Amino acid sequence: MQNNSGAMVALQTPGGVSSQLDTVQTSMSTGKEVNTAQDNAALWAISELMDSDVSGLRSVLDSLSLGESTVAVASARAEQITDILTEMRSLTAISASGMEDNRKFEAALSQKTEQINSIISSSSFNGLNLLKTDVDGNGGKALTVPSALSAAGGLITLSVDSVDFEGSPQFDIGHRTAITDSASALTALGEIEGFLAYAIGSSAALGASASGIAEQYQFAGKLSDAITRGVSSMIDTSMEEAAAKLLALQAQQQLSSVTLSIGNAMPDTLHNLH
């Protein structure tokens, strides 16, 4: 009995080519060269870890965006209060001159005080109000915002304190001295200037916090993008290279088929020569 060694070799070649074709086609269809640990255990493990980091960073970005909006709302409302207090100071200064009816000024000041209290109570965003004594309704005094992932796998946070227009002794606008004459107007003027100083400082603090959160958001976004690009460079398919390899393997597969046909025909050719 004789073996057709040529045909045996030719049979082995298409199997190897088909396996490579399957790999290339899977790589092109998924867009990844490394789809499972079997493809490349080391790269797969690294990419999975980095993908986990990206997922965590996306959660951090969501928290930072929400935190920035919460602080920005409080900052804008604090600036409104500052503007109203500036108007109140002007009215009180005029009243202190004794040239107008004090009752009109007191009525105007009372109206603006109610406006300020309304702003304070309506400055909530996402259930949080940084202008009140109780920020979250549960006795909270500050807003805590996740800002980054720690090396140990935990979270690093930023804290934004309440400016407390509601209960701070420095902003006791509800007990402002009522204007009845020039002397009381002068007393009220001093008090309002103190309230104004507190409001300006509070607005500045909230604005700085909002800016800091925005900067951290930009940094976390850039870090997420950098990690994503790193993962892509390790495991993603180069479509141009894969397409060229696919064409080469298809050509090789066709040649293998021709070789196999020739190998199978050789015994009959030799037999006919006898």
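Guide: Let's start with one residue. Phe-165 has 2% relative accessibility, so Phe-165 counts as buried; buried means under 20% relative accessible area, exposed over 50%, and partly exposed in between, with a 1.4 Å probe and protein chains only. One caution: this is a predicted model, where local features need pLDDT of at least 70 and side-chain atom pairs count only at pLDDT 80 or more, while totals for chains, interfaces and linings use all residues. Residues are numbered from 1 along each chain as its sequence is written, and side-chain values use heavy atoms, with hydrogens and water left out.

Visitor: How do I read a pair of aromatic rings?
Guide: You describe such a pair by the distance of the centres and the angle of the planes. Rings of Phe, Tyr and Trp (its six-membered ring) pair if their centres lie within 6.5 Å; planes under 30 degrees apart are stacked, over 60 edge-to-face, and the rest tilted. By this rule there are 4 aromatic pairs here. In one of them, the ring centres of Phe-165 and Phe-171 are 4.8 Å apart with planes at 90°, so that pair is edge-to-face.

Visitor: Which kind of pair do Phe-171 and Tyr-198 form?
Guide: A tilted one, with 5.9 Å centre to centre and 35° between the planes. Phe-171 sits in the loop between strand S2 (155-161) and helix H4 (182-235), and Tyr-198 in helix H4, 27 residues apart. Helices (H or I, at least four residues) and strands (E, at least two) are DSSP runs, numbered from the N terminus.

Visitor: Is Tyr-198 buried or exposed?
Guide: Tyr-198 counts as buried, at 14% relative accessibility. Phe-171 is buried too, at 2%. Phe-165, Phe-171, Phe-195 and Tyr-198 make up one aromatic cluster.

Visitor: And how do I read two packed helices?
Guide: Use the angle between their axes and the distance between the axes. Axes are lines fitted to C-alpha atoms, for helices over the stretch in contact, and angles run from 0 to 180 degrees between N-to-C directions. Here, the axes of helix H2 (residues 41-96) and helix H3 (residues 102-121) come within 10 Å and cross at roughly 170°. That makes H2 roughly antiparallel to H3 (under 35 degrees is roughly parallel, over 145 roughly antiparallel, 65 to 115 roughly perpendicular, the rest oblique).

Visitor: What about the whole chain?
Guide: The protein chain has 5 helices and 2 strands, running α-α-α-β-β-α-α from the N terminus on. Of its 274 residues, 32% count as buried.
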